[in-house]
Amino acid sequence: VFDAPQPLGFWMKNTYIPLSIAFVDGAGRIVNIEDMKPQDESTHWSRGLALYAIEMKQGWFAAKGIGPGDTVKGLPPPALH
């Protein structure tokens, strides 16, 4: 959970397993999902403002039929400062 909706970028420099990342906006809507390769320093960006990033084993979202535009429920609220 990030402090405010913003463009988010992730990389896999020290990660040894392939992951998929879902970028989620403040309303819980999945903005986009990106597959990421192990130990890759390429940055994977949200395609809009995101408040959450959810990482799962690569292919998990596709196997569950989850994609951009779907809504995630039960997310924690952002921290208030």
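Student: Which residue in β5 stands opposite alanine 22?

Tutor: In this predicted model, alanine 22 stands opposite isoleucine 54 of β5.

Student: What makes β2 and β5 a pair of strands?

Tutor: Two strands count as paired when DSSP finds at least two bridges between them. β2 and β5 have six bridges and pair in the antiparallel sense, so they qualify under that rule.

Student: How many bridges join β2 to β3?

Tutor: Six bridges join these two strands, which run antiparallel. Among the partners, phenylalanine 23 is bridged to asparagine 32 in β3. In the hairpin of β2 and β3, five residues lie between the strands, and glycine 28 has a positive phi near 90° there.

Student: What is the order of the strands in the open sheet?

Tutor: The order is β3-β2-β5, with antiparallel pairing.

Student: Why is one side of β3 and of β5 left without a neighbour in the sheet?

Tutor: β3 (30-36) and β5 (52-57) stand at the edges and each has a single partner strand, so one side of each has no neighbour in the sheet. Neighbouring strands here are turned by 20° against each other on average, direction ignored.

Student: Why is β2 described as largely enclosed by the rest of the structure?

Tutor: Six of the six residues of β2 are buried, so the rest of the structure largely encloses this strand. Leu19, Ile21 and Phe23 point one way, Ser20, Ala22 and Val24 point the other way, and all are buried.

Student: Which residues make up the largest nonpolar core?

Tutor: That core has eight residues: Leu8, Phe10, Met12, Leu19, Ile21, Phe23, Met36 and Ala50. β2 supplies the largest share of this core, three residues. There is also a second, separate core of six residues, including Ala22, Val24, Leu51 and Phe61.

Student: How many aromatic pairs does a search of the whole structure find?

Tutor: The search finds three.

Student: What makes the pair of phenylalanine 10 and phenylalanine 23 tilted?

Tutor: Their centres are 6.0 Å apart, with 55° between the planes. Stacked needs an angle under 30 degrees and edge-to-face one over 60, so 55° leaves tilted. Phenylalanine 10 lies in strand β1 (residues 9-10) and phenylalanine 23 in strand β2 (residues 19-24), so this pair ties together parts that are 13 residues apart in sequence. Ring pairs link Phe2, Phe10 and Phe23 into a cluster.

Student: How do you know that phenylalanine 2 is partly exposed?

Tutor: Buried means under 20% relative accessible area, exposed means over 50%, and partly exposed is in between. Phenylalanine 2 has 29%, so it is partly exposed. Phenylalanine 10 and phenylalanine 23, by contrast, are buried.

Student: What else is phenylalanine 10 in contact with, leaving aside its neighbours within four places in sequence?

Tutor: Its contacts include Ile21, Met36, Ser42, Thr43, His44, Ala53 and Glu55.

Student: Why do arginine 47 and glutamate 34 count as a salt bridge?

Tutor: The rule asks for a side-chain nitrogen of Lys or Arg within 4 Å of a carboxyl oxygen of Asp or Glu. Here the N to O distance is 3.0 Å, so the pair qualifies. Arginine 47 lies in the loop between β4 and β5 and glutamate 34 in strand β3, so parts 13 residues apart in sequence are tied together.

Student: Are arginine 47 and glutamate 34 buried or exposed?

Tutor: Arginine 47, at 64% relative accessibility, is over the 50% limit and counts as exposed. Glutamate 34, at 16%, is under 20% and counts as buried.

Student: Which residue forms a salt bridge with aspartate 25?

Tutor: Arginine 29 does, with the closest N and O atoms 3.4 Å apart, so this pair also falls within the 4 Å limit. Aspartate 25 is buried at 15%, while arginine 29 is partly exposed at 38%. The count of salt bridges comes to two.

Student: What is the phi of glutamine 39?

Tutor: Phi of glutamine 39 is near 55°, a positive value in a residue other than glycine. Most residues other than glycine have a negative phi. Glutamine 39 lies in the loop between β3 and β4 (44-45), and its relative accessible area of 46% makes it partly exposed.

How values were computed. Residues are numbered from 1 along each chain as its sequence is written. This is a predicted model: local features need pLDDT of at least 70, side-chain atom pairs count only at pLDDT 80 or more; totals for chains, interfaces and linings use all residues. Side-chain values use heavy atoms; hydrogens and water are left out. Rings of Phe, Tyr and Trp (its six-membered ring) pair if their centres lie within 6.5 Å; planes under 30 degrees apart count as stacked, over 60 as edge-to-face and the rest as tilted. Buried means under 20% relative accessible area, exposed over 50%, partly exposed in between (1.4 Å probe, protein chains only). Helices (H or I, at least four residues) and strands (E, at least two) are DSSP runs, numbered from the N terminus. Axes are lines fitted to C-alpha atoms, for helices over the stretch in contact, and angles run from 0 to 180 degrees between N-to-C directions. A nonpolar core is a set of buried Ala, Val, Leu, Ile, Met, Phe, Trp, Tyr and Cys residues joined through side-chain atoms within 4.5 Å. Contact means heavy atoms within 4.5 Å.
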